[in-house]
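The entry is shown first, and the points follow by topic.

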Number of protein chains: 4
Amino acid sequence: MALTQTLRPGLIQLRVLDFDKSLHFFKEILGLDEVGRTSDGRVMLKAYDEFDHHSVVLRKADASGLDYVAFKVANKEQLEEIKDKTEKFGYKTTEIAANTEQPGFGKQYKFTLCTGHELHIYNEVELSKDGPMIKNPNPWHKPPRGFRAVRLDHFLLYGPGIAEAERFLIEVFGMFVPEVCNTADGKRLAAWITGNNKPHDLAFVEYPKPNTLHHVGFFLQTWEDVLNAADLIAINHLKLDIGPTRHAITRGLSIYFWEPSGLRIETYCGGYTANPDNPQRVWDADQLGRGLFFFSGEMIPSFLEIVT
Amino acid sequence: MALTQTLRPGLIQLRVLDFDKSLHFFKEILGLDEVGRTSDGRVMLKAYDEFDHHSVVLRKADASGLDYVAFKVANKEQLEEIKDKTEKFGYKTTEIAANTEQPGFGKQYKFTLCTGHELHIYNEVELSKDGPMIKNPNPWHKPPRGFRAVRLDHFLLYGPGIAEAERFLIEVFGMFVPEVCNTADGKRLAAWITGNNKPHDLAFVEYPKPNTLHHVGFFLQTWEDVLNAADLIAINHLKLDIGPTRHAITRGLSIYFWEPSGLRIETYCGGYTANPDNPQRVWDADQLGRGLFFFSGEMIPSFLEIVT
Amino acid sequence: MALTQTLRPGLIQLRVLDFDKSLHFFKEILGLDEVGRTSDGRVMLKAYDEFDHHSVVLRKADASGLDYVAFKVANKEQLEEIKDKTEKFGYKTTEIAANTEQPGFGKQYKFTLCTGHELHIYNEVELSKDGPMIKNPNPWHKPPRGFRAVRLDHFLLYGPGIAEAERFLIEVFGMFVPEVCNTADGKRLAAWITGNNKPHDLAFVEYPKPNTLHHVGFFLQTWEDVLNAADLIAINHLKLDIGPTRHAITRGLSIYFWEPSGLRIETYCGGYTANPDNPQRVWDADQLGRGLFFFSGEMIPSFLEIVT
Amino acid sequence: MALTQTLRPGLIQLRVLDFDKSLHFFKEILGLDEVGRTSDGRVMLKAYDEFDHHSVVLRKADASGLDYVAFKVANKEQLEEIKDKTEKFGYKTTEIAANTEQPGFGKQYKFTLCTGHELHIYNEVELSKDGPMIKNPNPWHKPPRGFRAVRLDHFLLYGPGIAEAERFLIEVFGMFVPEVCNTADGKRLAAWITGNNKPHDLAFVEYPKPNTLHHVGFFLQTWEDVLNAADLIAINHLKLDIGPTRHAITRGLSIYFWEPSGLRIETYCGGYTANPDNPQRVWDADQLGRGLFFFSGEMIPSFLEIVT
């Protein structure tokens, strides 16, 4: 297998404050499909172009935020290898039995990064009954809705000690780091990290408060779809954060906004094809504004300050 | 490394009949940059968004066609492993010393597939002096030209015994096969094969004549760029073959045409993200017209018959 | 008023053979809204971005085809003036009383062109209750559906004596002719004619059989929407005629297909801004293939031969 | 003629502080072509898709700003009629002889609006030697450059007494007003005014200081071209003002920035088709932020305050 170890972030569980409004957003505006509900009332969702059982879980809670992100591993052997390496790296892992925490999912291992974020790994997951066609397939099997989100794409996490987290993802998850931002004295300020050809599966920004979520990113097909998302943000009276804009970092074309429970969501298209053999792109901290918001070239303070 | 073994097709050498006109096409219309010339008069070219020394070589010859395709391997150890596995699979390999056949390239191994096509593998290649920016990078460092081709993308090869070729690419190159077309009696008619998240690095169609090239594909960024390519085909009086159209297979948005020496070129955008864990898409041979030319749903005879 | 006389083709009545399937096409695939039904069972439809009561009427009949096209005139005085000039030009006009033939429409005058086509003119028409927003308006008031057709746009009519029809439209309707195609001996083969900034409200091709419809054109917003239309043609198993392609004539980006009753429909975006003071574009008949199908440059025989 | 009286704004003369940098911007970044220079050193420019001799004139001056806007009238008779009506309306007109002030232009009349802006009217102007093709034309005759600006499109003028200016443009220029913004007590705050199917040829905002220019707008073909403009703004280190964004007013997709002499430029695509018979769209002043910057829905203070 030429694509090995962690294939991609395949699942995220989010806490939402206003369950009904957030669910309406994820289904009718972002365009995910409801797969079903867990016995404890969580809702499982997936994007129209995803094959696996579900990729997004919403849980009602007193404060919005991230429960955890789970990465799909290429096969069962590598799942055990990564678990062992994780332990060796120094993070204690806990097994979650198949079909308990997440219906349709096989065994998971969970552990906590130095940045305070809970990560899971898993290999087995049932195929969705409503996934893309595979026999003489059409490009889509029912008309995509709302933003027409294609898939769960990536996360930006804020926390302390991101240099260690980056090393973990390279050494244990087998990822590479297409793009970084360093301070003038050479310290890592931010890193964009991937295990495939996307410019990032996840990114980190160094930040004192642990276990902090900046945003969850969903992929859109085109710049026209970013426009459609922007129009729907306004039509549905969602609060815009930033965009549409170009990230020079990743080259993505993006719009940020707040879903009804206050989670920052990014919808995003484009981005370069990341190759592990290409040189790493490096940003100076004083150019980070240009790196993030290429058109204005200026940092937007809320981007660094407002997190959940 | 999560992306391992053969990373992608990194180099193609093409024979062209009308060297000057073909060179003009590749540079001024397709938009590649000339990197330099070899001592024996071949021209080395690359797309604006490629990092490596060059990706396309044109050689003047009495008949147009494909000399060979070379795949970049993730590291030196895997290069030797793949060489050994290739021998074990039954294909004799020959070493090409660094910087001989291809300036800027390290050691290559060459061998011939059962389909008659010459393939190379290599790991080392110098970075281009004119590659994408890596320090506080802009999305491009000079305005893309003509078709604005982003990169060499894929090949379609016709030849006998493609089931064996497919098995070789899986077992030795570590690739997977996102999409296939089978005859009514279950034989492989065509296969789309990749070692990364592109829907294909190369594809095969079963065909009696060995060592046959159907087309070389270059990647464009958007459907607007496919339109721009189509307009430039007409403005420059190139001969259109097919398109713009959608391939249901790969989901690519494509246009085919003939460069001045008679090689079929595809320029292409879109396509799904191929994942090794997703189910294989399967086409019935009687649906191949729809799979290739989704809008009309009808096979275009020239597509199956005209090859070089 | 700087836009005077005939503002645009505002209404078309079509005969359809398979009423249910055609209605399904116009509503669910093309994306028009049903406004209501006449007492004799015709269905009135409009596009989401049209203000007037309705623009398309379907009538069940034994053979598909065009009943008539109606042009909206800028005001009541000019309606009478145009009626008078039409009579003077030599075409007998007949009055249709308000709210008889077409609910919501004021008085119409009808007459027959030398080409055999029935045209109407009218000024008064009620506003749709479901038109675009006008108080602090959003870009759309409900999500466009299917092809997301913006408006009824234009017609291509085949018939004898188009030079006279062209003269009538200039002298009586106040139109101009941005683009024409002439035979080698200087006779008019085709003309694209408009009363506003669109490249054509209607076009004529010289043809022996009178009262012949080539196609009805609906406007789409973007080349992405042309792609969406093409995908929906395939997904809904409609028969593609031609495209997606560029017309060098009008510069429109277009796709032609057959709706279920066998009427040729064009969906179309782009096109230059036609100005009455710009020079007329002139095509030689032997370049008409390039003018119509710019990418291939070759005439498609069915385009000239299959009409209803 | 169905398009009569003032056809469109055909010419603008701008004062620029840094002549060389501004000229570089207009030519190499915006993509206009230099037509020639006047004997007093002004530079005449035109967009690639414009037929007339030139549309933009740059004049070196001590302060940047607008000299005047000139409107092309449909014919000589209407030029005289509009001149007479202008005098009758109360604005004194002055004749400028052909080929004096503007090479290639026939007789002009100039006068000053109550808002302090100088307007011209003219009918005759030579065709550019470098205009769009008219014999078997390609969509463009040389590759568009930089932003690929299609044409001079519109202006936003700030000044006192805009209700009178609006009345003048309706009564004398024959224009109509597709969209307005009113204060809570019913006074006109802003008006978008056109003489054709564009949503505006010019717009006014009520403002105490006379003869003030807010921005000059150039038309781009697509949202992809707005993105290209945004990227080139950043790559060329121009200062972004606002965007890319949607105007709900006009529905245009827009980006504002400052050219090197400090003039605010808009590049813009889309916009609805304005029809004189459609209802007027009306905005409440407290919704103007949403009307101008639909995605955020919030007024950007600099938009109201920074003018030249």
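E6(A) and strand E7 (residues 108-112) of chain A form an antiparallel pair with three bridges; strands pair if DSSP finds at least two bridges between them. Helices (H or I, at least four residues) and strands (E, at least two) are DSSP runs, numbered from the N terminus. This is a predicted model, in which local features need pLDDT of at least 70, side-chain atom pairs count only at pLDDT 80 or more, and totals for chains, interfaces and linings use all residues. Residues are numbered from 1 along each chain as its sequence is written, chains are lettered from A and ligands numbered from 1 in the order in which they are written, and side-chain values use heavy atoms, with hydrogens and water left out.

**Sheet in chain A**
- Eight strands of chain A make up an open sheet with mixed pairing, in the order E2-E3-E4-E1-E5-E8-E7-E6.
- Helix H1 (residues 19-29) of chain A lies across strand E1 (6-16), E2, strand E3 (43-46) and strand E4 (56-60) of chain A, and runs at about 165° to E4(A).
- Axes are lines fitted to C-alpha atoms, for helices over the stretch in contact (heavy atoms within 4.5 Å), and angles run from 0 to 180 degrees between N-to-C directions.

**Strand E13 in chain D**
- Strand E13 (residues 212-219) of chain D is largely enclosed by the rest of the structure, because eight of its eight residues are buried.
- Buried means under 20% relative accessible area, exposed over 50%, and partly exposed in between (1.4 Å probe, protein chains only).
- Strand E9 (residues 151-159) of chain D runs antiparallel to E13(D), joined by seven bridges; Leu156(D) has His215(D) as its bridge partner in E13(D).
- With strand E16 (residues 264-270) of chain D, E13(D) pairs in the parallel sense over four bridges; Phe219(D) stands opposite Tyr268(D) in E16(D).

**Cysteines**
- Zero disulfides (cysteine sulfur pairs within 2.5 Å) are found over all chains.
- Cys269(A) is buried at 3% relative accessibility, and its sulfur lies 12 Å from the closest cysteine sulfur, in Cys269(B), too far for a bond.

**Symmetry**
- Chain B superposes on chain A by a rotation of 180° with 0.0 Å of shift along its axis (RMSD 0.0 Å), which is the relation of a two-fold axis.
- Superposition is by least squares on the C-alpha atoms of residues with pLDDT of at least 70 in both copies.
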